[in-house]
Amino acid sequence: MKFQTAKEIMNPQVITLRDNLSVHEAAAFLVDHEISGAPVADEKGNLVGVVSLTDIAQVASETGEIPQPDFYLRGWEYHLDRDELNQIHVRDEGLSVSDIMTPTVFTIPDDTPIPEIARTMIAGRVHRLFVTEGDEVVGIIATLDLLKVVAEQEG
């Protein structure tokens, strides 16, 4: 099967984090869901940014006290556990997701062709795009989704 548009390759299950979660809660959320990043929503449900394990690692690395510097690079077959998450030291324990997130949300229409999706990710230097139908977010496309398309088409 040759995929052509965002709608054909997107994941329709968009899992969001609340902007008022603590950094530790966000890390646990991402690890529990086995994802490297997620959109951030405010109290009204509006998308206001994106947060990733890389953002969390950067905040923790400011103190130089990450117990395992590659914790966010390991495959999910080597799960982090809650003890490892609790060892991550964040200088300001009062930091929330809204303090560390990227406050930009990249969106593309659901009929966007795959080459344009790739170009948008490259130009924006982003790993995930939100797919919209009108004004509604209907899915998400991550870098891995594009790699799957390449692998299947080269099959």
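Two strands are taken to pair if DSSP finds at least two bridges between them. Helices (H or I, at least four residues) and strands (E, at least two) are DSSP runs, numbered from the N terminus. The model is predicted: local features need pLDDT of at least 70, side-chain atom pairs count only at pLDDT 80 or more, and totals for chains, interfaces and linings use all residues. Residues are numbered from 1 along each chain as its sequence is written, and side-chain values use heavy atoms, with hydrogens and water left out.

**Sheet and helix**

Three strands form an open sheet in the order S4-S5-S6, with mixed pairing. Because S4 and S6 at the edges each have a single partner strand, one side of each is left without a neighbour in the sheet. From one strand to the next, the twist averages 35°; axes are lines fitted to C-alpha atoms, for helices over the stretch in contact (heavy atoms within 4.5 Å), and angles run from 0 to 180 degrees between N-to-C directions. S4 pairs with S5 in the parallel sense over 3 bridges, and Pro109 stands opposite Thr132 in S5. Helix H6 lies across S4, S5 and S6 and runs at about 130° to S5.

| Element | Residues |
|---|---|
| Strand S4 | 107–109 |
| Strand S5 | 128–133 |
| Strand S6 | 136–142 |

**Whole chain**

The protein chain contains 7 helices and 6 strands, in the sequence pattern α-β-α-β-β-α-α-α-β-α-β-β-α. Of its 155 residues, 39% count as buried, meaning under 20% relative accessible area, with exposed over 50% and partly exposed in between (1.4 Å probe, protein chains only).
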